[in-house]
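These are my notebook entries on a structure that I had not examined before. I set down what I looked up, in the order in which I looked.

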Amino acid sequence: MRTAYNVETVRAAERALMATLPDGALMQRAAAGLAAACADLLGRRVYGARVALLVGSGDNGGDALYAGARLARRGAGVTAVLLTPDRAHPGGLRALRGAGGRAVAADGEAGVRAVRRADLVVDGIVGIGGKGALREPAQELVAAAEGALIVAVDLPSGVDADTGEVPGAAVRADATVTFGTYKPGLLIDPAREHAGALRPVDIGLGPWLPAEPDAEALQHADVAGLLPRPEAESDKYRRGVVGIVAGSARYPGAAVLAVAGALGGGAGAVRYAGPATDAVIARFPETLVTTGPPAKAGRVQAWVIGPGLGDGAEARQALVDVLTSDVPVLVDADGLRLLDPQAVRARQAPTLLTPHAGEAAALLGLSREEVEASRLSSVRALADRFGVTALLKGSTTLVADGAHAVRVNPTGTPWLATAGSGDVLSGLTGSLLAAGLSARDAASVGAYLHGLAARELGNAPITSLGVAEELRRVWLDVAAG
């Protein structure tokens, strides 16, 4: 599992570790890892390579200078462009010059020229404590780096380490070498898009970091460990029966897609309640169907309600039926527009809300742009306001429950931005709820499998039904390790 910690926690761990080490040892560890990553990106052709270091006044600038000295000793032509020459790390600057590198001020033509000629540019402008967008002359230098490989030191300058927000101009790196642990901003969009490939360097922080991170991303093995598997004595009820309340005369396909997701997610059985029974049975004859209200549908271990539901009287009554049940409930799409926050908070069984940014904005009284710019705070606000587990869909899907680290899904792909994709995810996640996973685990595993299924279809236009059909194979692959 990838775990991420906020700046305050990382700083405290660094102080505790440095108290046990000789002066400067921690920076040397970081610089060694940074130099090795730069050499890898240069294809081990360090000798003769042109490297420009964008050096600010903090420790990241020192890391860049010491790494530049290592590269210079291997034959690279290294130029440090100093944004604040009188505050550059003195030890790092001596090391660079001693290794044959040179330093120039950022406010002259020499700095811009060095960046434009570079094969590789190292962003050591600001560290993880930096706030706000890049200012001049940093903006000009970053613009001059177009065409070169850009490596960020710990975090791309101009992005927020704790939130993933990007308030303005920021470095867009090809790779980020991060020290000790991931930072939430490296995992969460929009900052994640600026980070490029992540290259963690172990500098020994582990023993000083708390057990509970601020954010985490499940990996293949984590998901495999959470997947519910049938046992010898399993029957359809022990495996989980999920109820689906979706679709309408106008949107019968939403019901089909939600049922497809549930079946692809390994449900023991699917009960469908709604007006699209003919469409559902035609595609999935194993589905148990009723045109009556959810309260009359029969036994289920979890409900999914909302995709294509509409907002008529029957839809509103169906939501009341589902929310007054004593089983976990997932609410999506049209169901979110009909929610009564007090009714949700009054529930004793788990509730999972799965909005996209526009739906989350409506629930929170914000604009869609505000939600997309501050995804982490938005998903936390949803969980707190409604007393639920919230899954915020988007370029990075986030899961928050107000009690644990926010989960970040690493398998998302832009190809999932297609009609019906959310319906499949709802059915899939509902099947995991019915199988007994917690709302947080069901949401995390569902998002992971959903994204992985889309990725397996390749970088090409996909259909939501195609993703649902791919889920069965992805499930087996993940379960097999």
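The entries below concern a predicted model, and they go from the sheet to its strands and helices and then to charged side chains.

**Entry 1: the sheet**

I began with the order of the strands. Seven strands make up an open sheet, and the order I noted is β4-β3-β2-β5-β6-β7-β8, with parallel pairing. I then looked up the edges. Strands β4 (102-105) and β8 (197-201) stand there, and each has a single partner strand, so one side of each lacks a neighbour in the sheet. From one strand to the next, the twist averages 20 degrees.

**Entry 2: strand β7 and its partners**

I next followed β7 within the sheet. Strand β6 (residues 149-153) pairs with strand β7 (residues 175-179) in the parallel sense, over three bridges. For Val151, I found Ala175 as the bridge partner in β7. For Ala152, the bridge partner in β7 is Thr176. Helix α2 (residues 25-41) packs on the sheet, where I noted that it touches β5 (120-124), β6, β7 and β8. The direction of helix α2 makes about 160 degrees with that of β7.

On the other pairing, I recorded that β7 and β8 run parallel and are joined by five bridges. One of the positions I looked up there is Val177, whose bridge partner in β8 is Arg199.

Are the residues of β7 buried or exposed? I found that five of its five residues are buried. Both faces of the strand are covered: Ala175, Val177 and Phe179 lie on one side, while Thr176 and Thr178 lie on the other.

**Entry 3: helix α4**

I turned to helix α4 (residues 90-98) and asked which of its residues are buried. They are Gly91, Gly92, Leu93 and Leu96. The elements that cover these buried residues include β2 (50-55), α3 (59-73), β3 (77-82) and β4. Just after α4, I noted that Gly100 takes a positive phi of about 100 degrees.

**Entry 4: salt bridges**

How many salt bridges does the model contain? The count comes to 16, and I looked at several of them in turn.

I found Arg199 partly exposed, with a relative accessible area of 28%. Asp40 is also partly exposed, with a relative accessible area of 34%.

In the next pair, the side chains of Asp160 and Lys131 meet at 3.0 Å, N to O, in a salt bridge. Asp160 lies in the loop between β6 and β7, and Lys131 in the loop between β5 and α6 (138-144), so this pair ties together parts that are 29 residues apart in sequence. I recorded a relative accessible area of 13% for Asp160, so the residue counts as buried, the cut-off being under 20%. Lys131 has 55% relative accessibility and therefore counts as exposed, the cut-off being over 50%.

I then looked up Arg407, which forms a salt bridge with Asp441, where the closest N and O atoms are 3.1 Å apart. Arg407 belongs to strand β18 (residues 406-408) and Asp441 to helix α20 (residues 439-456), so the pair ties together parts that are 34 residues apart in sequence. Arg407 counts as buried at 7% relative accessibility, and Asp441 counts as buried at 18%. I also noted a network: salt bridges that share partners join Glu216, Arg407, Arg440 and Asp441.

**Entry 5: a charged residue without a salt bridge**

What does a buried Arg375 have as its nearest side chain of opposite charge? It is Asp189, at 6.0 Å. Arg375 has no salt bridge, because one requires a nitrogen and a carboxyl oxygen within 4 Å. I did find that the side chain of Arg375 reaches the backbone oxygen of Thr396, at 2.5 Å. Setting aside residues up to four places away in sequence, I listed what Arg375 touches: Ile188, Asp189, Leu392, Lys393, Gly394, Ser395, Thr396, Thr397 and Leu398.

Methods. Residues are numbered from 1 along each chain as its sequence is written. This is a predicted model: local features need pLDDT of at least 70, side-chain atom pairs count only at pLDDT 80 or more; totals for chains, interfaces and linings use all residues. Side-chain values use heavy atoms; hydrogens and water are left out. Buried means under 20% relative accessible area, exposed over 50%, partly exposed in between (1.4 Å probe, protein chains only). Lys and Arg count as positive and Asp and Glu as negative; His and the chain ends are not counted. A polar contact is a pair of N or O atoms within 3.5 Å; within protein, one must be able to donate a hydrogen and the other to accept it, and residues adjacent in sequence count only if both atoms are side-chain atoms. Contact means heavy atoms within 4.5 Å. Two strands pair if DSSP finds at least two bridges between them. Helices (H or I, at least four residues) and strands (E, at least two) are DSSP runs, numbered from the N terminus. Axes are lines fitted to C-alpha atoms, for helices over the stretch in contact, and angles run from 0 to 180 degrees between N-to-C directions.
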